[in-house]
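Work through the exercises below with the sequence and the model open. Each task is followed by a solution in steps.

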Amino acid sequence: MGDFQIKKSSKVYDAVVVGSGAGGGMAAYVLAHAGVKVLMLEAGAYFDPAKHSSQLKFPYESPRRGARTKERGFGDFDAAFGSWELDGEPYTTKDNTQFDWFRSRMLGGRTNHWGRISLRFGPKDFQPDDGVSERWPITYDEVKPYYDKVDRLLGIFGTVEGLENEPDGIFMKPPKPRLPELFIVKGAAAAGVKVIPGRGSVLTEPLPGNKERGTCFYCGQCGRACKAYADFSSSSCLVIPALKTGNLELISNAMVREVLTDKNGQATGVSYISKDDMQEYQVSAKTVILGASSCESARIMLNSKSTVYANGLGNSSGLVGRYLQDSTGSSQSGILPQLLDRKRFNEDATGTINIYAPWLQDNKKLDFPRGYHIEFGGGMSMPGYGFGSYVPKYNGVLPGRDGKKKEAGGYGASLKDDYRRFYGIQFGMAGRGVGMARYDNYCEIDPNVVDKYGIPVLRFNYKWNNDEINQARHMQETFSRIIHEMGGIPISKPHGPEDMWGLEAPGRIIHEVGTTRMGNDSRKSVLNKWCQSHDCKNLFVVDGGSHVQQSDKNATWTILALSMRTAEYILDQRSKQNI
Amino acid sequence: MDRRESLKALGITTISAGVLLDACKPKPKEQAEKAAANTGDTADRQPVEIERDKKLHAETFFTPHEMATITILGDIIIPKDEHSGSASDAKVPEFIEFIVKDMPEHQTPMRGGLRWLDVQCMNRYSNAFKDCTRQQQLELVDEIAYPGKAKPEMQQGVAFFDRMRSLTATGFFTTKMGIDDLGYVGNVPNKWEGVPEDIIKQYGLENVKLG
């Protein structure tokens, strides 16, 4: 026998969960608390915000002043490891299309990176009536009890607004707007855009019944992950508490290769490679739950081929990887001349959105089928890499202290003073809209390429069409109106038809869902409405893969609610001995 | 857990927070040393990141001649004034040396730009930039510091100066000295009650209502 061997564990777990983000974390949390013996495999390192966060570090504590690196695509202080490219783990694209795939291999996955913006899908998001979007096999009313439970379990701030498709939750008090944000509220109102308090999973009040998590102390750094656990991360709020039950085991640096099945097509466990010792392992479980992220779970299923599953596990419909959707995104930023030389105070507030504009327009009167919401920000934020880059341009546009205009650019005491005067007058607005679910937007296995573990990689094929491009144009027109009404000056590059109105490339908004969509017809969907494989009854997918048609709302709160619902369904099916 | 307890969890009690922060305030003469230095707390770093930074710190990119030029230019861009010290007081040249190693896309434009500057000065004043008189240095900088009025033949210099100015601003305003000058008072545990009343009044925003 040679050196190469596969280490098989004799232990049979009740369930193995692949991935530790919002979906995997929630499933493990519910099952472990119900006494089920769970093994969680995470492809990256262990991470506990209490120990490993950069919270409250100053920019000079990073030699690059918080700039991004290959290892940390959202900056040196950001909690999320990883970026658009990972060493040794390539992905490819087809026919000159583009899809950028952000991966964060670490405990908590991309809940370490996200903006904590926590919006429920509304009744019309599950059952759209625009004539184009496909309907989910479930309604808002079926999911509402789970959203309620997620709100109570994890905590969320917001305000009761009574808007039809922006369902209210069980809210803590929201943070107040920063100064530039008050100008946004005022300008948006004049432009006919309703702005309401943000909804974010940050504890602005103590969470009833929870002694582990602190409340927000307003440093504005949720993106670094909160050491006091005052924001929601899957690690601090789900996985670490689940580990404390004694029913969850966690193996980090475990890169899953495939799901193992028997001759009857039942899942029996998974195989993985340990990044620590580069050895191959197999573990057995009665139920396999994939929460590796929409694309990674699709990849695992497509790579899990056997005589029973010649096209990949659970892929009798041929739809695994199909209907991939990311949100649209387009943005503008500007400055408020009224705020030059503004008085200083601590304006950090929270690290999520303080205010946002929900989508309230009637698409029947517009040339795109689904809408977008707008996220706003601005204020005297902590300086970092790229500080004040617009100042040497706009110091020639706005008058100086003496009321006179001068030549843009410059140097010396006068420029130094300009940096002070311009500080905190900047604001930004970003649209996040519905990307339509289409059969022709997909990921598949690249027949020629493997990663450094020998696992075949994903190949993407994704294109926007006029539904998204027209929506981005509408965003830009709306932004321009708001900025005009605010009395602001746009400072970002103007967008137009030549750059699809600033529409970000597919993948850039990191809201990808839909690769293993749910449905009642097994020929037209991969999962049933409980996120259970039509083909393989003890296989479940709890990440965003099940989403039939995304909404403009960020997917995390829905991933959490659906994963909780699926975990409770698994408990029910176990008690009936169906799985 | 309430706010007080969550600060305790961070090792900061509400009483000691201020004291701690005061105690941490370096004396002015120590500021320069501290300015560009990492605190050495690496619990938030991945091993690969620690390795990378160690390797970059050990390398040298700019020659002493180039560093001397960067130092002079940096101090022309951000000089000492009644509020704070100069770019070199805040160790901006050291930051620029690091960042070009970290972001190799800066290397050729910076090296080439410095050489462009020296050649200009040699032709005009028979000296490299750093050996010119202050008046000569400023004469040249005046021709590349204002993109709107620079001559077409000076465009390469404009592009270089723009980059140098950006890096200097980052390098300065991200230090303790620069942050104090700017008046950024955040990054401390606090309670956010919204924009102070007097400032709301100053801008006439009393009637702004959400929703």
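**Exercise 1: a loop residue in chain B**

Met154(B) sits in the loop that joins helix H8 (134–144) to H9 of chain B; helices (H or I, at least four residues) and strands (E, at least two) are DSSP runs, numbered from the N terminus. The model is predicted, so local features need pLDDT of at least 70 and side-chain atom pairs pLDDT 80 or more, while totals for chains, interfaces and linings use all residues. Residues are numbered from 1 along each chain as its sequence is written, chains are lettered from A and ligands numbered from 1 in the order in which they are written, and side-chain values use heavy atoms, without hydrogens and water.

Task: decide whether Met154(B) is buried or exposed, and list its contacts.

Solution. Step 1: the relative accessibility of Met154(B) is 3%, so this residue counts as buried (buried is under 20% relative accessible area, exposed over 50%, partly exposed in between; 1.4 Å probe, protein chains only). Step 2: setting aside neighbours within four places in sequence, Met154(B) has contacts with Trp116(B), Gln120(B), Arg124(B), Leu140(B), Glu143(B) and Ile144(B), where contact means heavy atoms within 4.5 Å. Step 3: Ile144(B) is 10 residues away along the chain, and its C-alpha atom is 6.4 Å from that of Met154(B).

**Exercise 2: helix packing in chain B**

Task: find how the axes of H5(B) and H7(B) cross.

Solution. Step 1: the axes of H5 (residues 64–77) and H7 (residues 107–125) of chain B come within 11 Å and cross at roughly 80°; axes are lines fitted to C-alpha atoms, for helices over the stretch in contact, with angles from 0 to 180 degrees between N-to-C directions. Step 2: H5(B) is therefore roughly perpendicular to H7(B), a class that spans 65 to 115 degrees. Step 3: residues of H5(B) including Ile70(B) and Leu73(B) meet residues of H7(B), among them Leu114(B) and Leu117(B). Step 4: H5 and H7 are also among the elements covering the buried residues of H6(B), a helix with 10 of its 11 residues buried.

Terms used
Angles under 35 degrees count as roughly parallel, over 145 as roughly antiparallel, 65 to 115 as roughly perpendicular and the rest as oblique.
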